[in-house]
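Me: I'm new to this one. Can you walk me through the ring contacts?
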Amino acid sequence: MAIDKYLKNKKYVIWDWNGTLLDDRIHTWTTGNALLKSEGRDEVSLQFYLNNFCFPVSEYYKLLGLDVENKEHFKKICHFFVSKYMEKISECSVKPEMKVILENIRARGLKQSILSAADQESLITMVEQQGISNYFENIFGLANKEATCKISRGAELIEILSSNYKKEEMLIVGDTLHDLEVGKENSVDVVLVSHGHNSKDRLVAEHNMVIEV
């Protein structure tokens, strides 16, 4: 497995969810285009999405010309997106290759958790739909549907884990530059996968631990 060499001396893996484990790249892009259409904006190409999507999502929406300064309107469009996204989320699945990796990591005796910018309720629903909750000790989402920064939420999880594990024994696996930010801010190593919500070119320009699975 491409991830094997990064697991040396690791005892804990913290997974991102959307785009990393769950194969929802196309679904997220098309849902975003539905949002743009509802706001009277032009749709964007998949390549534009991969080259520009970022966290907090308000920064991406600002780039698209959406009104994020009006807090009530921003909340409205975030709820619209999550509602549309969750309508067909059951049609998405965890990448088969990632299921193999989850099982192999468990077989090695490493523990695993999820850290996501999705809201907690939706995150639990998605993980349970996929039937893989038993792989994870913790499933950490955000308290709102606005896909804000998950650095502080990551710090909470890492503090909990630090009672049993050193930071150098942990590994974050994600698909965006924000996952890299989370790792850097919390002094935890990060591996990025190239099949998610940021283009491979963006990832390798910023990080030297990018894998294809």
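Me: What does the charged end of Arg106 sit over?
Reply: This is a predicted model. In it, the charged end of Arg106 sits over the ring of Tyr135. The distance to the ring centre is 4.0 Å.

Me: And which ring face does Arg153 lie over?
Reply: That of Phe140. Arg153 is 3.9 Å from the ring centre there.

Me: Switching to ring pairs. How many aromatic pairs does the structure hold?
Reply: There are 9 aromatic pairs.

Me: Take Tyr49 and Tyr60. Why is the pair edge-to-face?
Reply: Their planes stand at 75°. Planes over 60 degrees apart count as edge-to-face, so this pair qualifies. The ring centres are 5.9 Å apart.

Me: Where in the chain are those two, Tyr49 and Tyr60?
Reply: Tyr49 is in helix α2, residues 46-52. Tyr60 is in helix α3, residues 57-63. They are 11 residues apart, and the pair links distant parts of the chain.

Me: Is Tyr49 buried or exposed?
Reply: Buried. Tyr49 has a relative accessible area of 3%, and the cut-off for buried is under 20%.

Me: What about Phe53 and Phe55, how do they pair?
Reply: Edge-to-face. The rings are 5.1 Å centre to centre, with 80° between the planes. Phe53 is buried, and Phe55 is too.

Me: Which residues form the aromatic cluster?
Reply: Tyr49, Phe53, Phe55, Tyr60, Tyr61 and Phe74 form one cluster. Both pairs we discussed, Tyr49 with Tyr60 and Phe53 with Phe55, have their residues in that cluster.

Technical notes:
Residues numbered from 1 in each chain as written. Predicted model: local features only at pLDDT ≥ 70, side-chain atom pairs only at ≥ 80, totals over all residues. Heavy atoms only, no water. Phe/Tyr/Trp six-rings, centres within 6.5 Å; stacked < 30°, edge-to-face > 60°. Helix = DSSP H or I, 4+ residues; strand = E, 2+ residues; numbered from the N terminus. Buried < 20%, exposed > 50% of the residue type's maximum accessible area, 1.4 Å probe, protein only. Lys NZ or Arg CZ within 6 Å of the ring centre and 35° of its normal.
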